[in-house]
Amino acid sequence: MSSSAPPARSSRLALLVVGLCWLAVLFDGLDMFIYGSVLPHMLEEKALGITSAQAGDLGSYATFGMLVGALTAGTVADRVGRKKLMVSCVALFSLASGLCAVSSGVAVFGLGRTLAGLGLGGLLPTAISMVSDYAPRARAALTIGLLMTAHHAGGILSAYVALWIVEPLGWRAAFWVCVVPLLFVPVLARFLPESLSFLVARGRTEEARALAARYDAELPAAKDRTAAGAPWANLLDLFRDGEWVQTLLYWLASFGGLLLVYGVATWLPTLMRGEGYELGSALTFVVLFNLGGIVGMLVAGRASDLPHARLRSRGGTPTGAPRVSAIWFALTAGGVFLLSVHMPLALTFAVVFLTGVFLNSAQTMIYATVSIGSAPANRATAVGWTSGMGRFGAVFGPWLGGQLLAADKGDWGFTAFALAGTASTVFIGIAALRTARPERRDGEPRHLVATG
């Protein structure tokens, strides 16, 4: 370890950062899920002349925007700051929802969803990086899990927005609700502090010192190497000194994880109806799946932090988050495959809930592993590209389910998704078993699995 001890984390500052980021991610989840929640109403009303085929394309526009946003946001955040990018992302997806609300045709609506996707994709990895900077070190994974509960709370909120607002006021009203987070932008700009590590890395020591004094926090030690290099230096840093193996393992695990998240979320009701179930309204599935996600985030985060304390006290290598992620993916694969077996309705709902518990938090623990183990100067880049590579899986998962149904192979859907979970188990499991490498030039322990 470096001779410089990690900075003390002010609990007051951590609460402020986590609270503001939680609200931002809540709005992110609301905006992301709102399209799926109002889509049945739009199709029923033939709003904007949207057909079922166009509806699928419009859904993919947001996903593509999220892919681009995730890939670019990390690099931008490590250059201009986490705070500025978070504020910009909230403003972007809020204004884009307004564009959807006033759209008069499919093209304008699709542009709005694409722009919203850019903001949505950029916010999440940036918020994770920000929270990681201020989270108590022994509760880092739990704090990230707590942050991600906001995303699923936003999903639940979107279902109730559709239920309470769309019926009496129409589908446009739901997108106007998603413009409301624009009022949160000045609050975020005023009260969210910038990352202390980022300020120090950029040489803004006076600003960092003033912020630390305001919240009674300790400044991180300045490093020899700053973040002032070439725009792609932080990305290339993920492949130096043999780190390319770890980087690719996390990217592959993230691909499989988001393939599962979006594939299952999109096709679960259809596939289960194909198995002969009468499962009630779509609202039940949205709430059930996201409630499982909220529970899973807290359980997985806490479970990931427990090995951190025990192994560190014995001088070992803390590897909690990737180990929990591997176990969770294995349980997800089993749960998804189990859904292909006809069961009583109550038992089916229980399995769906547990699948939500394990699936959503397994992916989040990949982000936690990468974020906690990255050097502060390129943390947003590492998380952003891990998320971005996973977004390819987010595009492929719904497409795969659709192709299987079109080929009358819907019964293979659960098997295909279970195999994706198995693959992610292998990739993140290998990463968890790899041993820590020597320290880097800047003194930061860069090997990502050496964190919990």
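I began with the aromatic cluster, which is made up of Tyr-35, Phe-109, Trp-171 and Phe-175. I am working from a predicted model, in which local features need pLDDT of at least 70 and side-chain atom pairs count only at pLDDT 80 or more, while totals for chains, interfaces and linings use all residues. I number residues from 1 along each chain as its sequence is written, and side-chain values use heavy atoms, with hydrogens and water left out.

I then searched the whole structure for aromatic pairs and found eight. For a pair, the ring centres of Phe, Tyr or Trp (its six-membered ring) must lie within 6.5 Å; planes under 30 degrees apart count as stacked, over 60 as edge-to-face and the rest as tilted. One of the pairs is Phe-109 with Trp-171, edge-to-face at 5.9 Å centre to centre and 75 degrees between the planes. This pair links distant parts of the chain, since Phe-109 lies in helix 4 (residues 106-134) and Trp-171 in helix 6 (residues 171-177), 62 residues apart. I took helices as DSSP runs of H or I, at least four residues long, numbered from the N terminus.

I next looked up accessibility, where buried means under 20% relative accessible area, exposed over 50% and partly exposed in between (1.4 Å probe, protein chains only). Phe-109 is buried because its relative accessibility is 0%, and Trp-171 is buried at 5%.

I also noted Tyr-160 and Trp-164, a tilted pair at 5.0 Å centre to centre with 35 degrees between the planes. Both lie in helix 5 (residues 140-169), four residues apart, about one turn of the helix. Tyr-160 is partly exposed at 27%, whereas Trp-164 is exposed at 61%.

Definitions and conventions
Helices (H or I, at least four residues) and strands (E, at least two) are DSSP runs, numbered from the N terminus.
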